[in-house]
Amino acid sequence: MALTNQIVIEKAKELGFDLVGFAKAEPLIDEANHLQQWLNLGYQATMDYMNRNLDKRKDVKSILPEAKSIISLAMNYYTDHKHSNQKDYGKVSKYAWGKDYHLIIWEKLELLEEQLKEIDNQFNSISYVDTGPVMDKAWAVKAGIGWLGKHTNVITREIGSWIFLATLITNQDFDYYETITDHCGSCRACIDACPTKAIVDEYVVDSNKCISFLTIENKGEIGSEFKNNFDNWLFGCDICQDVCPWNNKFSEISREKDFEPLNGTSFNLNEIIEMDELEFKRRYETSPIKRAKLSGLKRNANFLKHSES
Ligand code: SF4
Ligand code: SF4
């Protein structure tokens, strides 16, 4: 039986995805040019992997030669817990409160691909969750999931921007969705609220200044120029999304229970500084926190202890 948009949407939603969009698999010329300009300015900081596989990022046919369509999937991860105001606690970004989203989404993607192949045995696909050489945000925009906000996260009209994205490249044709127009308008709330002025222009984030990069991907020290500007963020930063009116109006609690906090929403800095590898592994084995490694988390905790007033 031939696959239709409706079949894919039904199966994806049954598995727990919240939004599904469809785009023609054609080269991302403008998006690749913007990426190249961003790289030329050094805004990727030390994320050298961003410089690699530019051909694949530009054209998914370099990944799957028979690619005809992209199915873009979004999963809501919003839960309405608050951070601790207690002294010596550092804040953790919402996306890292629960179980690692890669583990959750990979499992769902695998099931979805299996089910679609059962319906149409000609169906072939390659899928990614954030880690591969695909421009998942650009595809989400092309596929009608949402628009790119000035903070460079994808915003949906239905549930705001607290979403994880997955991208499925497939050899099948679908009906393609219209791109959603930009609804940021004259708003600048995210730009004005960013404590380190990392949103250097509308739709441009300099990772060198972004707390998310500095506390997660960054392997070096955190510069003294950021002293007293971290707003007590220990792992990641949600400020630009917290202030976004689209989130304030439209965010909904996720259906996925695994996004509920595993270890709280804020961590005790002294406990982190004293923690050994065994305890780190016990607490964060299935959490996105693992990404920063214990050494990174300790660096962040020490930075907050010694720099925040
Ligand atoms: S995540 Fe935080 S530091 Fe990075 S751009 Fe947003 S508000 Fe600024
Ligand atoms: S805060 Fe305003 S400018 Fe920033 S992404 Fe949201 S709507 Fe757009």
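This is a predicted model: local features need pLDDT of at least 70, side-chain atom pairs count only at pLDDT 80 or more; totals for chains, interfaces and linings use all residues.
Q: Which residue in β2 is the bridge partner of K24?
A: First find the neighbouring strand: β1 is joined by six bridges to β2, residues 69-76, and the two run antiparallel. Within β2, the bridge partner of K24 is S69.

Q: Why can the protein be called as compact as a globular protein of its length?
A: The chain folds into 12 helices and 11 strands. For 309 residues the globule rule gives 19 Å, and the radius of gyration is close to that, so the protein is as compact as a globular protein of that length. The radius of gyration itself is 20 Å.

Q: Of the contacts between residues at least 6 apart in sequence, what percentage join residues at least 24 apart?
A: Here a contact means C-beta atoms within 7 Å. Counting those between residues at least 6 apart, the share that joins residues at least 24 apart is 80%.

Q: Which elements give two or more residues to the shell around ligand 1?
A: The residues around ligand 1 include H151, C194, C210, I211 and C240. By class, the shell has nine nonpolar, three polar and no charged residues. The elements that give two or more residues to this shell are α7 (211-215) and α8 (239-242).

Definitions and conventions
Residues are numbered from 1 along each chain as its sequence is written. Chains are lettered from A and ligands numbered from 1 in the order in which they are written. A residue is near a molecule or strand if its C-beta atom, placed from the backbone, lies within 6 Å of it. Helices (H or I, at least four residues) and strands (E, at least two) are DSSP runs, numbered from the N terminus. Ala, Val, Leu, Ile, Met, Phe, Trp, Tyr, Cys and Pro count as nonpolar, Asp, Glu, Lys and Arg as charged, and the others, Gly among them, as polar. Two strands pair if DSSP finds at least two bridges between them. The radius of gyration is taken over C-alpha atoms; the globule rule is 2.2 Å times the number of residues to the power 0.38. Two residues are in contact if their C-beta atoms, placed from the backbone, lie within 7 Å.
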